[in-house]
Amino acid sequence: MSHSSAHSPATHAGDDHDHDIAAHVRTYLIIFGALLVGTILTVAMYYVDFSSMALTVAVALFIASIKAFLVAGYFMHLLSEKKLVYGVLILSAIFFVSLMGLTLWGSGDLPKNSDTKTLYVP
Amino acid sequence: MQSTASHAHTSATDSSHGHAHHEPGFFGKYIFSTDHKVIGIQYGVSALLFLLFGFFLILAMRYQLAKPGSPIPVVGPLLEMIDKDMAKGGIMGGDLYNSFGAMHGTIMVFLAIVPVLFGAFGNYVTPLQIGAPDMAFPRLNMASFHCYFLGGVVMFASFFTPGGAARSGWTSYSPLASVTDLVNRFDGQTYWLIGMVLLITSSLLGSVNFIATIIQLRCRGMSWMRMPFFVWAQFVTGFLLLLAFPPLEAAGLMQLMDNLFGSSFFLPQGLVVDGKQLGVSGGGSPLLWQHLFWFLGHPEVYVLILPAIGIVSEVISNNIRKPLWGYRSMVYAAMSIGFLSFIVWAHHMYLTGMGTKVATFFQTTTMMISIPSVIILTALFISLWGGSIRFNSASLFALSFLPMFGIGGLTGLPLGFNASDVFLHDSYYVIGHFHYVVAPGTMFAVFAGIYFWFPKITGRHMNEWLGKLHWAGSLFFMNCVFAPMFIQGFKGMSRRMSDGGTTYFGGDVAMGGDPGVLKLNNMILWSAVGLGISQIPFIINFFSSIFSGKRVSSDNPWQATTLDWATPTPPPHGNFIGEPVAYRGPYEYSVPGAKSDFTPQSEKA
Amino acid sequence: MEIPYTYKARPDTGLYNAKVGIWLFLASEIMLFGALFSAYILLRVSAPVGFWPDVALGWPRGLLNIPIGTFNTAVLITSSVTVVLAWASLKMNNFARFRVYMVITVVCALAFLGIKSFEYNDKFSHYVVRLKDGKALTGHIEVNGKHPRFWNFNDQWSVAKLTEQKVEKIKVEVDPPRDIHGHVKKDAGHGAAAHAAQEVAVSDIESMGSYTPATHPFFAVYFLITALHGLHVLGGALVLAYFAFPGAKMWKSNPEQFINRIEVGGLFWHFVDLVWIFLFPVVYLL
């Protein structure tokens with residue numbers, strides 16, 4: 001996984017706002033490294049037997065959220081984005097959570113079918 | 001505004017744009033145009049044609065309901081020719097009834113009303129009212145129209161596929177939608193799903209365009225609170241389409257997989273169809289489809305009504321020569337409706353066995369959403385007080401919208417309450433309720449908009465006598481068609497029964513059936529015919545006025561304040577001569593001390 | 001007539017049109033994939049008792065190849081960093097470097113898709129064989145000395161087809177047994193012994209099928225969500241390839257707008273990566 005570090009832009013001849021971009025590039029590479037570490041962590045946690053499914057899910061989603069935050073915040077420049085974009089994304093987040101949450105909340109009351117003998121595989 | 005756009009365009013065909021501007025040929029001008037006005041007209045014409053088609057579907061169904069088992073005059077033999085099995089002897093069979101019913105709903109909602117309100121009026125008027133030269137993404141706009149048109153073609157073609165069009169309701173509930181035809185997997189339902197994917201794509205592209213345009217292309221001085229309410233309505237509608245449609249697209253893909261690849265997203269274990277166990281793995285959830293469908297389905301109804309309210313607001317404010325009362329409240333109410341509409345959907349699912357806590361949540365949010373709706377309606381009613389009301393075809397339709405929407409909205413309350421909905425769910429009461437909102441509701445807004453903006457688009461007025469005839473007939477017959485349905489619903493008559501409830505509802509008096517109520521089906525049929533006849537003056541008026549209507553005396557024949565009337569007639573490519581600037585609010589009618597009873601938004605302070 | 005703010009930012013919003021457009025579009029995509037994730041969760045949580053897990057009484061964990069999935073994750077993350085480096089190169093006025101990074105991005109995308117197809121093929125040739133005595137075996141099968149691979153649809157075997165072709169015995173390369181967490185059991189062994197082929201008489205087979213959407217809702221979800229994601233990868237790769245080559249003419253005529261186009265394309269690409277960041281643990285690991 002080392003092919004990208006060969007393209008270090010630090011050797012680039014100076015332009016005006018180059019320092020700005022060069023600093024950003026360094027940040028991108030650091031984030032890239034962090035993402036790879038996160039991926040390794042994600043797979044590693046797979047081999048740990050957590051006490052409950054809920055905890056497993058929580059850990060997996062926590063690591064995924066950190067990775068997502070890094071991609072969104074730095075690669076997508078969300079950390080320095082305008083309020084309008086935040087507003088649109090927050091709206092989507094609220095509605096997505098409503099869809100998932102309310103659907104799950106409503107499904108808990110249904111009786112479970114416990115007959116597995118009629119399982120059919122074509 | 002940026003420097004490159006500040007040089008004044010002295011003529012519409014100014015070619016000093018910095019890029020070559022060839023005069024487009026026929027295809028470029030009328031079929032593949034990127035001009036929002038042409039696209040708006042394309043949407044409008046297609047949508048109105050689909051509207052007419054959807055109306056014929058329901059007329060045929062109404063005949064079957066009033067006279068179950070008798071051959072349909074004129075249309076019957078035609079149907080028999082198309083599909084002998086479904087229309088033997090010109091009589092509408094049960095399958096054909098279901099298929100017409102499903103397609104009537106689908107066509108009216110997705111191919112007619114939303115395209116005419118959002119695609120046609122939205123596209124044509126929005127850039128004009130905010131002072132923009134076009135939509136933010138003109139080519140995307142063209143793509144969204146063609147996606148819609150393709151989706152319409154697929155939906156129309158589905159009628160001619162073996163087995164006919166989709167027949168599991170416009171709601172396409174699984175498992176029925178996946179088991180209607182177990183032999184031919186590429187049946188009407190599959191066409192419906194493919195058509196829906198295309199229509200959803202069109203809506204998504206359109207909504208991105210609308211929202212970006214309203215945010216980015218407002219002209220100088222056009223602050224948020226100076227925008228006409230019409231634009232606010234389109235803005236909120238855009239968000240509804242953007243965020244509510246994707247779950248239905250996901251569900252549509254899942255149902256497509258169920259139908260074509262034998263998966264079991266929505267098919268539970270142990271399903272028995274035609275006496276045989278269905279050969280699928282099971283493990284799916286029919287409720288999942290319902291949740292995903294109604295997650296769109298509810299915001300969809302606000303997509304239907306918000307642009308309609310927008311049109312009505314414009315027509316009313318112009319014809320009462322008075323500002324809208326409570327503009328700010330209306331704006332906040334529209335935003336609240338938009339937000340709340342995403343969390344009320346399961347009030348369509350009260351009878352699915354949800355627990356009481358969840359049902360109470362949805363009941364609460366449903367009651368909450370009625371508040372901003374009432375605020376908007378009340379604001380419009382209060383606006384009339386002290387107004388100098390002009391009665392013309394456009395304003396008659398806009399004024400009639402108010403009580404019709406009021407009836408539609410109020411009759412929705414018993415449906416929003418869990419307890420009363422247990423009785424009313426899937427009865428004719430529901431059909432009466434939602435038709436009052438969309439038929440005399442949105443349709444009256446559409447007609448008002450057509451009469452209102454026709455002079456700007458064509459440079460000619462529509463004939464007033466024909467317009468008033470159209471209005472009187474429509475108002476009378478709309479009520480005659482839909483009011484009896486409330487009675488039928490209260491009496492317990494079920495919807496979607498192809499024999500009109502003769503066997504199920506009307507047959508057993510001891511069980512509460514009421515054959516007398518079934519007789520109302522006759523009244524509904526003849527009122528529907530009357531409604532259809534009332535549209536003839538409109539159709540004649542529409543076409544003849546294009547060629548020989550009275551020419552407008554000015555660019556602003558209605559003496560309106562908004563920027564859409566500050567353009568040449570019809571607006572050229574680029575819309576405005578010179579840079580449009582908004583110096584004041586959108587409804588400066590009868591301003592004390594002003595020299596006339598209206599002050600255009602573009603007039604300097 | 002010129003549409004304003006196509007590449008200059010509008011002062012009050014601070015954004016140019018395409019950026020507003022792409023974020024709106026991404027918001028709708030969040031709802032699309034969000035609905036799919038919600039569907040997966042609902043199906044798992046509300047499934048009948050004993051149905052999930054099944055697929056031969058194994059847990060959905062362990063059905064998908066983790067090393068391949070991990071590698072694919074790394075490939076996508078790499079393409080994500082190269083696309084933003086491409087944009088940064090343009091901002092530093094280095095067109096050649098931009099092109100290099102774009103090519104790497106597209107190559108990563110195609111590699112991702114290629115690996116995905118390999119995974120799909122592996123699934124379509126992985127069978128669950130349910131025997132009449134209630135036992136179930138999973139693994140690749142060998143029929144008449146041949147190992148069916150998906151690319152020929154005629155290679156999809158079923159009991160009916162086996163009987164019709166008068167096959168009497170098939171070999172099943174049984175998967176190593178897994179525990180409740182989906183990990184291979186410690187005593188399973190490795191290498192040839194772990195994948196010992198077991199002979200099965202066709203007459204003993206109740207039913208069989210390969211890992212397709214019809215076999216179990218888990219696969220239905222897996223195939224739908226990865227296929228949809230894959231379509232987005234393909235679409236994004238095509239757009240980025242277009243900008244790297246034929247569309248790069250705009251660099252000469254309007255460099256600012258071109259940079260913005262790359263930024264917008266990059267935003268879409270990062271979103272595709274974001275979806276995978278959630279998809280991988282949820283579908284492969286949980």
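## The sheet of chain C

C:Gly139 stands opposite C:Val174 in strand E3 of chain C. The model that shows this pairing is predicted. E3(C) covers residues 169–174 and runs antiparallel to E2(C), to which it is joined by four bridges.

As a general point, strands of a sheet pair through backbone hydrogen bonds, either parallel or antiparallel.

E1(C) and E2(C) form a hairpin, with four residues between the two strands. In the turn, C:Gly134 has a positive phi of about 100°.

Is E1(C) largely enclosed or open? Five of the six residues of this strand (residues 126–131) are buried, so E1(C) is largely enclosed by the rest of the structure.

## Nonpolar cores

The largest nonpolar core has 290 residues. Within this core, the residues with the most contacts are B:Val312, B:Phe401 and B:Ala448. Helix H4 (residues 94–130) of chain B gives the most to this core, with 22 residues. Leaving aside residues up to four places away in sequence, B:Phe401 touches B:Val312, B:Gly441, B:Phe444, B:Ala445 and B:Ala448.

Another core, of nine residues, lies apart from the largest one. Its members include C:Tyr127, C:Val128, C:Ile141 and C:Val172.

## Where chain C touches chain A

The contact between these two chains takes 55 residues from chain C and 49 residues from chain A. On the side of chain C that touches chain A, the elements that give two or more residues are helix H1 (17–45), helix H2 (66–91), E1, E5 and helix H7 (255–285) of chain C. Which element provides the largest share of this side? H2(C) does, with 13 residues. By class, the side of chain C that touches chain A has 31 nonpolar, 20 polar and four charged residues.

Chain A has three helices and zero strands. Along the sequence, the pattern of chain A reads α-α-α. Of the 122 residues in chain A, 25% are buried. Among contacts in chain A between residues at least 6 apart in sequence, 50% join residues at least 24 apart.

## Where chain B touches chain C

Chain B gives 41 residues to its contact with chain C, and chain C gives 34 residues. The elements with two or more residues on the side of chain B that touches chain C are helix H7 (188–216), helix H8 (229–261) and helix H9 (286–320) of chain B. H8(B) gives the most to this side, with ten residues. The residues on the side of chain B that touches chain C divide into 24 nonpolar, 15 polar and two charged.

## Two further places in chain B

Helix H16 (residues 464–490) of chain B has 27 residues. From its first C-alpha to its last, H16(B) reaches 40 Å, close to the 39 Å expected at 1.5 Å a residue. Just after H16(B), B:Gly492 takes a positive phi of about 100°.

B:Asp274 lies in the loop between strand E1 (272–273) and strand E2 (276–277) of chain B. Why does B:Asp274 count as exposed? B:Asp274 has 7 C-beta neighbours inside 10 Å, and a residue is exposed if 12 or fewer other C-beta atoms lie within 10 Å of its own. B:Asp274 and B:Gly409 are 135 residues apart in sequence, and their C-alpha atoms are 41 Å apart in space.

Definitions and conventions:
Residues numbered from 1 in each chain as written. Chains lettered and ligands numbered in written order. Predicted model: local features only at pLDDT ≥ 70, side-chain atom pairs only at ≥ 80, totals over all residues. Contact = placed C-beta atoms within 7 Å. Nonpolar A, V, L, I, M, F, W, Y, C, P; charged D, E, K, R; others polar. Buried ≥ 20, exposed ≤ 12 C-beta atoms within 10 Å, placed from the backbone. Pairing = 2+ DSSP bridges. Core = buried A, V, L, I, M, F, W, Y, C linked by C-beta atoms within 7 Å. Expected span 1.5 Å × (residues − 1).
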